[in-house]
Amino acid sequence: ADVYLMGNAGSLKNPRDLVNAIISTRDKTAPDSALYAPALATPANLALLVYLGIDLIDGIRMIADGLLGRYHTRDGVWTAKELANREELFCLCSHCQKMRDKKIGQETDLLVAHNLQKLEEELLATREAVRSQTIREYVERQVRITPDQTAALRLLDGEHQYLERRTPTSRRSTFYANCAESLQRVEVTRFAERVLERYQAPQSDVLLLLPCSARKPYSTSRSHRLFAEAIGSARRYLHELILTSPLALVPRELEEAYPAASYDVPVTGRWDREERAWLAGCLEAYLKKNRYAKIVAHLDGELEEAVREMGLDAVYTGGGTNGPALQQLADAVREACRDAARLPDLRQLRYRAHADFYFGRGAGDALLGGKVMVRGREIQDENRRPLASWTINGNMALSMAGAKRLEPLGRYIVNIGDFLPRGSLLAPGVVDADEEIRPGDEVIVVGEQAFGIGRAKMSGWEMVASRRGVAVELRHIKGG
């Protein structure tokens, strides 16, 4: 079917029932079908319903509540009795202007009209949040209206697989982590998982732990430029790891990957229990996988306290960017790197890290195998043919030659039928697709008559299950 209707959706008052009903329905229906929830939407809960997976709503509840004397805004609902003694209504719509000199609740036609207008206004705001790729931040703000909505978002975040399969790998807008729920966002957990599972740290004897900065990427900030000056030539003998909330760990090579290059958090200097536990868990897992002879920690305040609580054996230099602090950093690094091995070209390390981050372990070795050179933000083979470029938003864009190198790995591949697509690849033409593919991923398109590269507009499983829509925006395609 093109549309599925959730029968009796208006009765879903319990947040657990609401989340379970939508998820179970979504998992059983085609990804390119719409889900309609009648008599459920209000101005206060509309953004949450859209984020949960509802596509179609109506104004039935607004009409019914208006007839019963209930007054809705994006900030909640009031009864006529609650509004009866107010000197003024907190809305300037034409309907409220007419109700100003009348007794609230008696003019039900005006209440209905007001409620419907507020719902339509919220629909416009929610659409804009979707278009600007800020729907999650908008939902985090809106759910604060009632405990039930906050509970519903937390329960949804517990359904990690449901969200992860539908969440793009990058977006244009800044990633704002403004509340405790941000620690559970897919973008946060996905980044941490890839750092721990896909990323391969360079073979280094020395690890330097640094704090994050307000400006992103970190290297462009004043504090990190001062750190770099203090470290000097020793930078070729150590590996840098930035500690931050909510991402926990950001290797220097991945500071331009999403969302590390475009996130913002409220900075107070305080680290609560959840943040400390998340950071400690990620750092312990990282150090089990990557061994270092010496660790230097240029941290201060509660961040240093959180790392010390782990019992980490490191040289603590106290953090800071003043003269004495930077001198302590320089001295500690110089001593730690006295007999350390020299690292390879830092630019190639970045490309290798990004290749593994976006295409899985082994992709860096495949893409950078043999004699390669880095020119600006492009990597080339020995014949100066481009293999991949590093875009300003931290993504990697493959060339056809680079795609040929990665094809044998069998990852991020979209298999198509016996035809040569032009422009965009539509879902009906997809025979099979890697389950790991998410919207925004760079993918390789392979068919009997075609070989190409492009950006995924759907997840891999959606491409296979859908009967309509653009699956891949093709950048290059040629006959096979």
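A crossing of two helices is called right-handed if the near helix is turned clockwise from the far one by less than a right angle, and left-handed if anticlockwise. In this predicted model, helix H3 passes helix H6 in a right-handed crossing.

**Helix packing**

Helix H3 spans residues 60-67 and helix H6 spans residues 108-131. Their axes lie 8 Å apart and pack at an angle of about 150 degrees. Angles over 145 degrees count as roughly antiparallel, and H3 and H6 are therefore roughly antiparallel to each other. On the H3 side the contact is formed by Met62, Ile63, Asp65, Gly66 and Leu67, which meet Thr108, Leu111, Val112, Asn115, Leu116 and Leu119 of H6. By class, the residues of this contact comprise 7 nonpolar, 3 polar and 1 charged.

A second pair is formed by helix H1 (residues 15-28) and helix H8 (residues 147-158), whose axes come within 8 Å and cross at roughly 40 degrees. This angle makes H1 oblique to H8. H1 also passes H8 in a right-handed crossing. Pro15, Arg16, Val19 and Ile23 of H1 meet Asp148, Ala151, Ala152, Leu155 and Leu156 of H8. The residues of this contact divide into 7 nonpolar and 2 charged, with no polar residue.

**The chain as a whole**

The protein chain contains 18 helices and 21 strands. Its C-alpha atoms fill a box of roughly 85 × 65 × 35 Å along the principal axes. Of the 480 residues, 53% are buried. Among contacts with a separation of 6 or more, 65% are between residues 24 or more positions apart.

**Two buried strand residues**

Asp381 is located in strand S13 (residues 378-381). Its relative accessibility is 3%, so Asp381 counts as buried. The side chain of Asp381 makes a polar contact with the side chain of Arg385 at 2.8 Å. A polar atom of the Asp381 side chain also lies 2.9 Å from the backbone nitrogen of Asn383. Leaving aside residues up to four places away in sequence, Asp381 touches Lys371, Val372, Met373, Leu387 and Arg405.

Ala471 belongs to strand S21 (residues 470-479). With a relative accessibility of 0%, Ala471 is likewise classed as buried. Beyond residues up to four places away in sequence, Ala471 touches Leu425, Leu426, Ala427, Val430, Arg455, Ala456, Lys457, Met458 and Met463. The C-alpha atoms of Ala471 and Gly454 are 9.9 Å apart, and these residues are separated by 17 positions in sequence.

**Backbone exceptions**

Most residues other than glycine have a negative phi, and most peptide bonds are trans. The table lists sites that depart from these patterns.

| Site | Backbone feature | Angle |
|---|---|---|
| Lys216 to Pro217 | cis peptide bond | omega about -10 degrees |
| Ser245 to Pro246 | cis peptide bond | omega near 10 degrees |
| Asn8 | positive phi | phi near 60 degrees |
| Tyr412 | positive phi | phi about 55 degrees |

Pro217 is in the loop between strand S6 (206-211) and helix H11 (222-231). Pro246 lies in the loop between strand S7 (239-244) and strand S8 (248-251). Asn8 is found in the loop between strand S1 (3-5) and H1, and Tyr412 in the loop between helix H17 (400-406) and strand S16 (413-416). Asn8 has a relative accessible area of 60% and is therefore exposed, whereas Tyr412, at 1% relative accessibility, counts as buried.

Technical notes
Residues numbered from 1 in each chain as written. Predicted model: local features only at pLDDT ≥ 70, side-chain atom pairs only at ≥ 80, totals over all residues. Heavy atoms only, no water. Axes fitted to C-alpha atoms, helices over the stretch in contact; angles between N-to-C directions. Helix = DSSP H or I, 4+ residues; strand = E, 2+ residues; numbered from the N terminus. Parallel < 35°, antiparallel > 145°, perpendicular 65-115°, else oblique. Contact = heavy atoms within 4.5 Å. Nonpolar A, V, L, I, M, F, W, Y, C, P; charged D, E, K, R; others polar. Buried < 20%, exposed > 50% of the residue type's maximum accessible area, 1.4 Å probe, protein only. Polar contact = N/O pair within 3.5 Å; in protein donor to acceptor, adjacent residues only side chain to side chain.
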